[in-house]
Amino acid sequence: MTLYCRTLGPIEIQDNGGKAPSELLQRKNLALLIYLARSPKRTRSREHLTGILWGEKPESKARHSLREAIRILRRTLGDDGLVTEGDRVRLSADAIRLDTEDFKQLEASQNWSGAARWSNGRKIS
């Protein structure tokens, strides 16, 4: 399963062209998904994620919150879409596509007319 995420402008997630599950759209779950998608190699340590997303909570509660968010992401993306290995949490390369990646590809190929169709995070047909 591949999600498509618009982050330029208001955030919008599409799941195979349809709406994403509502629990995925909860603030911290969405933040985890996008943060991992923008992270180097789409991976981070559990410690880093709990510090960034739940730093205000005691460690045990922060780890529990991370486990719950991972469970929700895994339910949407499948076991191959979100992988946990030891202390690492990783999104697979094809789990999510970001609009920023599409824009970078247009820019890299010097497709200025294609890039110009992006306005306030919305691709204009």
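Predicted model: local features only at pLDDT ≥ 70, side-chain atom pairs only at ≥ 80, totals over all residues.

**A close look at H3**

Tutor: H3 runs for 19 residues and spans 26 Å from first C-alpha to last, close to the 27 Å expected at 1.5 Å a residue. Now for its faces. Ala62, Ser65, Leu66, Ala69, Ile70, Ile72, Leu73, Thr76 and Leu77 of H3 are buried. They lie on the same side of H3, because the arc they cover around the axis is only 165°. The general rule behind such a pattern is that an α-helix has 3.6 residues a turn, so residues three or four places apart point the same way. Turn to the other side of H3 and you find Ser60, Lys61 and Arg75 exposed.

So what sits over the buried residues? The cover includes strand E1 (3–6), helix H1 (27–38), H2, E5 and E6. Two of those names, E5 and E6, belong to an open sheet of three strands, ordered E4-E6-E5 and paired antiparallel. Its edge strands are E4 (43–45) and E5 (82–85), each pairing on one side only. On average, neighbouring strands in this sheet are turned by 20° against each other, ignoring direction. E4 pairs with E6 (residues 88–91) in the antiparallel sense over three bridges, and Thr43 has Arg90 in E6 as its bridge partner. Helix H2 (residues 46–54) packs on the sheet, touching E4, E5 and E6, with its direction at about 85° to that of E4. H3 (residues 59–77) packs on the sheet too, touching E5 and E6, and its direction makes about 135° with that of E5. Just after H3 comes Gly78, with a positive phi of about 85°.

How values were computed. Residues numbered from 1 in each chain as written. Heavy atoms only, no water. Pairing = 2+ DSSP bridges. Helix = DSSP H or I, 4+ residues; strand = E, 2+ residues; numbered from the N terminus. Axes fitted to C-alpha atoms, helices over the stretch in contact; angles between N-to-C directions. Contact = heavy atoms within 4.5 Å. Expected span 1.5 Å × (residues − 1). Buried < 20%, exposed > 50% of the residue type's maximum accessible area, 1.4 Å probe, protein only. Arc of directions from axis to C-beta.
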